[in-house]
Amino acid sequence: MHDTTIMLIELGAVVLGLGLVGRLAGRLGLSPIPLYLLAGLAFGQGGLLPLNTTEGFIEVGAEIGVILLLLMLGLEYTAPELVDSLKTQYPSGAVDLLLNATPGALAGFLLGWGPVGALALAGVTYISSSGVIAKVLTDLNRLGNRETPVILGILVIEDLTMAVYLPVLSTVLAGVGLVSGSVTLAIALGTASIALFVALRHGRWISKTVSSDNPEMLLLVVLGLTLLVAGIAQKLQVSAAVGAFLVGIALSGEVAHTTRRLFMPLRDLFAAVFFVFFGLSTTPSDIPPVLVPALLLAVVTVLTKIATGWYAAGRAGIGPRGRLRAGGALVARGEFSIVIAGLASATEPRIAPVATAYVLIMVIVGPLAARWTEPVARNLMERRAAKQAGSTVLTDVRPATEAGS
């Protein structure tokens, strides 16, 4: 009973604190994500006021938060739209992999971690955070923007790439033989392909099956189906986030509209819990010793993600402002990067603090980059154009003055 009382007090304090932090962020015109993370650092091990009894509950809530974020993002699009996006975005996916995995791989070799460490760090720098980006796009009211399907296409390609990458990394880390590793990889690819096929071919039937005029029944059925599919996907070496996203795209029409309305408050609550847990899982004292390499890696990969978004949106015929917004939105890293670092830390312990510091920087910089990349770049271009125009006027006026004299 005593432990339950303490848990309720701690949980109530955390939720109340999140509400106050979110209100502060709203008044400042910022996304609340960075403040949620800092709150997690304050209440984690080594922080100002460590929480112990609620950590297990918050961990489960964090998993649900990521799943709900991706479910809501999937509800914005239909299966045919997803397939069309994959068909048109695969060159951008290749550019994304080249630009953003390479810095991590090079850094791994420069730090002396060898091929295994380089492979792990390449994954950390490559994969954007679908959870963070989904929340940011919602906060900034950009789900209807022209560049958003491009961003979605990149994220889906990255998540599906993880279905290949994670089994490969696990096999390399464990030193498993070629045959066993190939079987694991084949299962992961087959599972993702079957799930996508079912969502594409039988989406209308799924929507009809889960449909209900009773909001309570609809919420329970969709939530249960999403968690079930996400859990099965995770068990079969496919991301739980991918499973939740595929459930979202399988639902369409009035069912999708009603589900979005019902799940929005639930999503916001558990998404906040996810970001707090990310901070809770980071020990503040581990960050300063590795801050310099993490910062250098962050600077490079901010630029490479912006370049990725610029290229991808340009292929879709989107103008410079939308291309910059797409690049800024892709900057954040998060949940997948931590999973990769956790897998690799047993073989290469030095990767954990570097990856943690790097992700913490990027998950804070990401929402800021999504908001400010386009206006800052536009302001700089306008100043440059004004300066060039002024130089042209001076050049034109000088000969006339000389001639008059």
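Colleague: How many residues of helix α14 are buried?
Modeller: In α14 (residues 320–329), 7 of the 10 residues are buried, so the helix is mostly covered. Buried is under 20% relative accessible area, exposed over 50%, partly exposed in between (1.4 Å probe, protein chains only). Helices are DSSP runs (H or I, at least four residues), numbered from the N terminus. This is a predicted model: local features need pLDDT of at least 70, side-chain atom pairs pLDDT 80 or more, while totals for chains, interfaces and linings use all residues. Residues are numbered from 1 along each chain as its sequence is written, and side-chain values use heavy atoms, without hydrogens and water.

Colleague: Which residues in α14 are buried?
Modeller: Gly-322, Leu-324, Arg-325, Ala-326, Gly-327, Gly-328 and Ala-329.

Colleague: Switching to Asp-96. Where is it, and is it buried or exposed?
Modeller: Asp-96 sits in helix α4 (residues 79–110). Asp-96 is buried, at 1% relative accessibility.

Colleague: What does the Asp-96 side chain make a polar contact with?
Modeller: The side chain of Asn-100, at 2.7 Å. A polar contact is a pair of N or O atoms within 3.5 Å; within protein, one must be able to donate a hydrogen and the other to accept it, and sequence-adjacent residues count only if both atoms are side-chain atoms.

Colleague: Which residues does Asp-96 touch, leaving out those up to four places away in sequence?
Modeller: Ala-101, Tyr-126, Ile-154, Glu-158, Lys-305 and Thr-308. Contact means heavy atoms within 4.5 Å.

Colleague: And Ile-187: which helix?
Modeller: Ile-187 lies in α8. Ile-187 is partly exposed, with 41% relative accessible area.

Methods
Helix = DSSP H or I, 4+ residues; strand = E, 2+ residues; numbered from the N terminus.
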